[in-house]
Amino acid sequence: MNTLLPIHFAPLQGFTEAAYRNAHAASFGGIDTYHTPFVRIERGEFRNKDIRDIEPDNNTVPHLIPQLIAPDTEKAERIISLFIEKGYKEASINLGCPFPMLAKRHNGSGILPYPEEVKALLAVIEKYPELRFSVKMRLGWEQADECLALVPLLNSLPLEHITLHPRLGRQEYKGTVDLNGFAAFYEACSHPLIYNGDLHTVEEIQQIADRFPKLSAIMIGRGLLANPALALEYKEGRSFSPDEIRQRLKAMHAAVFHHYQEQIQGGDAQLVTKMKAFWEYPAALIERKTWKAIHKSTTLDKYNVAVRMAF
Ligand SMILES: Cc1cc2nc3c(=O)[nH]c(=O)nc-3n(C[C@H](O)[C@H](O)[C@H](O)COP(=O)(O)O)c2cc1C
């Protein structure tokens with residue numbers, strides 16, 4: 001029996017917002033660390049939703065790390081100052097986002113082919129010794145050895161941990177994870193390393209833990225959206241019955257729904273659109289026809305009828 005690894009809930013823009021994270025922790029749990037989706041500067045400004053999302057009063061999970069994405073120190077420092085103002089002691093720097101609009105401006109994985117720019121950006125780490133920094137990255141943008149070229153720099157920095165998703169930025173989420181690419185970085189990296197990518201079952205988590213025994217943790221995104229019990233199943237060493245999962249999901253859904261019902265000013269249609277994101281991944285937890293009815297619903301009444309069928 002292996003010792004259990006800590007589980008991090010990956011950040012996913014549009015999915016793992018504060019309401020979702022809080023409700024997940026209350027109804028399922030099994031997570032050691034939650035991460036916020038990245039905060040960024042857009043047209044010179046913070047986005048209000050990003051500020052709301054990291055606001056300590058809006059967050060009730062036991063351990064939350066806020067994330068920033070920036071192509072340069074000027075933007076990074078503005079975001080770090082916001083994190084400090086909000087009382088955070090940790091920050092994650094995104095070097096992994098593959099979205100072309102951001103990557104082409106050398107944000108996220110778009111910066112990985114440019115070691116000098118990465119060095120300049122990561123200089124913020126030594127400028128803010130009051131914060132503990134971590135990095136979340138991919139193998140590269142274009143080639144899997146881009147991360148290896150960054151190892152001397154990364155090893156020289158005081159990082160808490162590095163999370164590596166073994167895909168290339170230009171792949172976005174297509175194709176498969178490159179475990180040999182991950183292994184090469186794993187051997188070279190001197191920081192605690194977290195594996196992230198395509199884990200959907202307890203067996204898959206265990207296989208990765210067995211293959212890479214020095215891992216410090218596992219980060220899971222879509223696998224947890226699809227089955228919010230996954231981390232708990234891993235921690236408790238048992239699978240949950242479909243009934244138990246649905247019961248907990250019902251409580252989680254109620255909390256998320258209540259939150260957005262209070263928050264969304266733009267009417268029912270906007271609420272329905274927002275709630276459909278809750279159901280994008282957990283298709284296998286409910287009947288197919290119910291899942292389709294949820295996604296087809298155009299009014300709040302239809303949505304509520306479909307959700308009642310789900311539970
Ligand atoms: C819709 C979507 C939004 C994402 N948003 C973020 C983000 O804000 N920050 C980040 O570091 N990664 C983000 N990711 C990447 C995930 O955190 C994770 O690295 C990726 O999904 C691979 O892990 P998984 O296979 O366990 O989901 C996003 C992924 C998706 C699909």
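1. Buried side of helix α13. In this predicted model, the residues Ile245, Leu249, Met252, His253 and Val256 of α13 are buried. Viewed along the axis of α13, these buried residues fall within an arc of 110 degrees, so they line one face of the helix.

2. Asp243, Glu244, His258 and Glu262 are exposed, and they sit on the face of α13 turned away from its buried side. The cover over the buried residues of α13 includes α1 (18-27), α14 (268-278) and α16 (300-310).

3. Helix α16. The buried residues of α16 are Tyr303, Ala306 and Val307. Seen down the axis of α16, they fall within an arc of 100 degrees, so they line one face of the helix. Asp301 and Arg308 are exposed on the other side of α16. The buried residues of α16 pack against α13, α14 and α15 (288-296).

4. Which residues come nearest to the ligand? Of the 22 residues around the ligand, these are Ala10, Leu12, Pro37, Gly221 and Arg222. Two elements, β2 (33-39) and α11 (222-226), each give two or more residues to the shell. By residue class, the shell around the ligand divides into nine nonpolar, ten polar and three charged residues.

5. Overall form. The secondary structure of the protein comes to 16 helices and ten strands. Its radius of gyration is 19 Å, close to the 19 Å that the globule rule gives for 311 residues, so the protein is as compact as a globular protein of that length. The C-alpha trace spans about 55 × 50 × 35 Å along its principal axes. Of the 311 residues, 41% count as buried. Among contacts between residues at least 6 apart in sequence, 70% join residues at least 24 apart.

6. Two residues with positive phi. His106 has a positive phi of about 60 degrees although it is not a glycine. This residue is found in the loop between α4 (100-103) and α5 (115-122). His106 counts as partly exposed because it has 19 C-beta neighbours inside 10 Å, whereas a buried residue needs 20 or more. Asp198, which is not a glycine, likewise has a positive phi of about 60 degrees. Asp198 lies in the loop between β9 (193-196) and α10 (202-211). With 16 other C-beta atoms within 10 Å, Asp198 is partly exposed.

7. Ser156. Is Ser156 buried or exposed? Ser156 has 12 other C-beta atoms within 10 Å and is therefore exposed, since the class of exposed residues takes in those with 12 or fewer. Ser156 lies in helix α8 (residues 151-156). The C-alpha atoms of Ser156 and Ser190 are separated by 9.0 Å, while the two residues are 34 residues apart along the chain.

Technical notes
Residues are numbered from 1 along each chain as its sequence is written. This is a predicted model: local features need pLDDT of at least 70, side-chain atom pairs count only at pLDDT 80 or more; totals for chains, interfaces and linings use all residues. A residue is near a molecule or strand if its C-beta atom, placed from the backbone, lies within 6 Å of it. Helices (H or I, at least four residues) and strands (E, at least two) are DSSP runs, numbered from the N terminus. Ala, Val, Leu, Ile, Met, Phe, Trp, Tyr, Cys and Pro count as nonpolar, Asp, Glu, Lys and Arg as charged, and the others, Gly among them, as polar. The arc is that of the directions from the helix axis to the C-beta atoms. Two residues are in contact if their C-beta atoms, placed from the backbone, lie within 7 Å. The radius of gyration is taken over C-alpha atoms; the globule rule is 2.2 Å times the number of residues to the power 0.38.
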